[in-house]
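Let's take a friendly walk through this model, one local feature at a time. Keep the viewer open as you read.

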Amino acid sequence: MQEFNREVAKQLGDLLRRAREEKDVPIEKVEAATFISERFLRALEEGRWEELPGKAYALGYTKIYARFLGLRQEEVVDLFLEAYGEGEKRNRPRETRRPVEAHSLRPPRKRRKTVLLAILFSLVALCGVLIVFFFAPFHPFVTENPGKNEEVLLADDLASPLPPESPPPSFPVVLRLVAEKVTWVDITSLGVTMFSGILVPGKTYVFRSEGPVEVSGDDGSAVQVWLNGEEKGYLAETPGPFHKTFVP
């Protein structure tokens, strides 16, 4: 078993750190979005993997972090395995399997006989049911001293109005957001936090409320917004922190 390669671990950590800094995302926001402790994130970036809970957790954290930063997971996983001296495992050729002989696919003769008997009994039972259905005498069911005839029952049924269907709930504020890049936003309404985190590019987010909706974040110029189905452009005209309120 090969020893742990700290240089490769440091190389992978530098890759994660540079990708995060290029996107200008603080590590605190990465912690909130990925649910990975800041202590473990810094250990990954600085190559101090001995502080992680274990190899399985370290691999999982690395995959989640790479996916969040938009990196290619295959390259990241290759570096991770190389740090543990397992980089060659992904390139090993698969063992060739022996072809299955034709006679092994044939069902046993006894089993085929059992299946044929089951089909025969099923056909006999079906014929019996059809004979009873078509040739048995029909005896109509008669009710003595009925309390109401058919017409009265129908009239009574029609006289009772059906309960009206409840209309679907409507919201005076329906907000739809689509981000063009990774952007952090906080969305509140009526004193309740509806969303706090990172908007993933290309994904649509819809928020509904009965009152004003307040949106704030670090860059609204990269987030398109629709209010009640009508396009309103972007959350902000220029890059930078913003705060905007949408009312009914």
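Please keep in mind that the model is predicted. V115 belongs to helix α6, which covers residues 109-135. Together with L116, I119 and L123, V115 makes a nonpolar surface patch of about 380 Å².

Next, look at the backbone in two loops. F35 is not a glycine, yet its phi is positive, at about 65 degrees. This residue sits in the loop between α2 (27-34) and α3 (38-45), and F35 counts as exposed because its relative accessibility is 75%. L190 also has a positive phi without being a glycine, here about 55 degrees. Its loop runs between β2 (183-189) and β3 (192-199), and at 60% relative accessibility L190 counts as exposed.

Now for the rings. The structure holds seven aromatic pairs. One of them joins F40 and Y61, which are stacked at 5.7 Å centre to centre with 20 degrees between the planes. This pair links distant parts of the chain, since F40 is in helix α3 and Y61 in helix α4 (residues 55-69), 21 residues apart. Both F40 and Y61 are buried. Y61 also pairs with Y57, in a tilted arrangement with 6.3 Å between centres and 50 degrees between planes. Y57 and Y61 are both in helix α4, four residues apart, or about one turn of the helix.

Finally, two charges meet rings. The charged end of K55 sits over the ring of Y84, 5.2 Å from its centre, while R176 lies over the face of W226, 4.1 Å from the ring centre.

Key
Residues are numbered from 1 along each chain as its sequence is written. This is a predicted model: local features need pLDDT of at least 70, side-chain atom pairs count only at pLDDT 80 or more; totals for chains, interfaces and linings use all residues. Side-chain values use heavy atoms; hydrogens and water are left out. Patches are made of residues with over 30% relative accessible area and no salt bridge: like charges are joined within 9 Å, nonpolar side chains (Val, Leu, Ile, Met, Phe, Trp, Tyr) within 5 Å. Accessible areas come from the Shrake-Rupley method with a 1.4 Å probe; for residues, only the protein chains shown count as cover. A salt bridge is a side-chain nitrogen of Lys or Arg within 4 Å of a carboxyl oxygen of Asp or Glu. Buried means under 20% relative accessible area, exposed over 50%, partly exposed in between (1.4 Å probe, protein chains only). Rings of Phe, Tyr and Trp (its six-membered ring) pair if their centres lie within 6.5 Å; planes under 30 degrees apart count as stacked, over 60 as edge-to-face and the rest as tilted. A charge sits over a ring if NZ of Lys or CZ of Arg is within 6 Å of the ring centre and within 35 degrees of the ring normal.
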